[in-house]
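Have a look at the picture, then read on.

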Amino acid sequence: PDRTAAHTRLRDYFEAVPKKEKIESLNDLAPVIELYHHMVRAGQYIEAINLYRDHINDTGYYQLGAYQTLIELLTALFIDGEENMPCFEREDIQAYTLNQLGLVHGRIGNTQKSIQLRSKQNNLQAKAGNKEYLATGLANVAVQQLVIGSLCAAERNLHRCIDLGHDIGYELGIAVAHQELGRILISRGLWIEAAQALDLSYQYNIKENDYQGLSVDWAYHSLHDLLMARENPESQIAILESATHHAQRSLELATQWHRPNSRDFIRGYWLLGASYRAMASTAPRSATEYLEKAEKHLSESLRRCRAINLVEMEADILLENSKLLHAQGEHEEALRLAHEALTITERSGYVLQGADVHIWLAELALEGLKVEGLQVENKELAREYAEKALQLAHCDDGPPYHYKVAYEEAQVLLEKLKE
């Protein structure tokens, strides 16, 4: 009782502290976070989650990317442990808390935990008959399923989201589902179908002047082009020019949203840097210029990524930085970054990213043969990486639900190693 009374007095103290109108860092949120802590410790859980929703979530998530802090705040509401439900009688508040915690776990690479939490949330929404929140939840689970290679399950959840959206006229849910469906179709190498899905998302976002949604649309178009260029070497230059344009447009739109999202900038800088890095390999006369641009954007992407511990994109960014350094002659550092990316993919269970990293490591091992002479251990290492890449790119269900570009690249590498 004395402890509860002390936290109540401290709650009253921090509640009286004026809230800053302009938040620029986590320190600016400190009084609000302290207020939250004392509310929780005083057993005022409803007041705490309302404070989180109204004064912490948007700034902490979108602007600051303070994912670890948000996890700590939300976990405090699971007083019986995260394997149980949060400490609310109302199931709608339980669902909100599960969803928010699952969201931030996904950002720092805790993929399976994110899926578990959000699946619980979806069960509560289905039980309550809340089709709008269920549709959103299905799309959120699909995003995590994609990165671990469950392409068929992810696509199935997105089609369920679209069907629910049509049932209740939930246009935003339909648009988001098509946006993420586009990303799955890109991974499967279905270029036309992917572009059509992204166009449906674009039509909604342009109608609603949703700059954040448009930024993601253009980013996914850039990703579409980067992967398609790997499959079509004869048309690489034109495709990569398109990828560059789309990445630039994505970054421009990210600055126009009223609530800038850190992830949109990180994604935009990564894709723009990747586009310039790929362009350098197709245009020898302009290679130096392209590599300089790639270095500028990839360095910015990695700096921002690590500032907020956005693990979900870090391996992709490290992989591109590794390729950049290799093109600049920094072979040892390139190999170090590739292994760093590999560690992230293995720790977080990132299947698609892992396939790309293994392909690159196989290529580095093969290139080592040319530099050092024929050494069996290098050739065997290349084969190990290529076989693992093929296994990962196979995904859960295999063709046609596989990471097509990486799958075919791994096959080519393995055929080359037979020679």
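How much of the protein chain counts as buried? Of its 419 residues, 56% do, where buried means under 20% relative accessible area with a 1.4 Å probe, counting protein chains only.

Bear in mind that this is a predicted model, in which local features need pLDDT of at least 70, side-chain atom pairs count only at pLDDT 80 or more, and totals for chains, interfaces and linings use all residues. Residues are numbered from 1 along each chain as its sequence is written, and side-chain values use heavy atoms, leaving out hydrogens and water.

The fold has 19 helices and zero strands (DSSP runs: H or I of at least four residues for helices, E of at least two for strands, numbered from the N terminus). The radius of gyration is close to what the globule rule gives for 419 residues, so the chain is as compact as a globular protein of that length. That radius is taken over C-alpha atoms, and the rule is 2.2 Å times the number of residues to the power 0.38.

| Quantity | Value |
|---|---|
| Radius of gyration | 23 Å |
| C-alpha span along principal axes | about 75 × 45 × 40 Å |

Now zoom in on helix α15, residues 311-327. After α15 comes G329, with a positive phi near 90°.

How values were computed. Buried < 20%, exposed > 50% of the residue type's maximum accessible area, 1.4 Å probe, protein only. Expected span 1.5 Å × (residues − 1).
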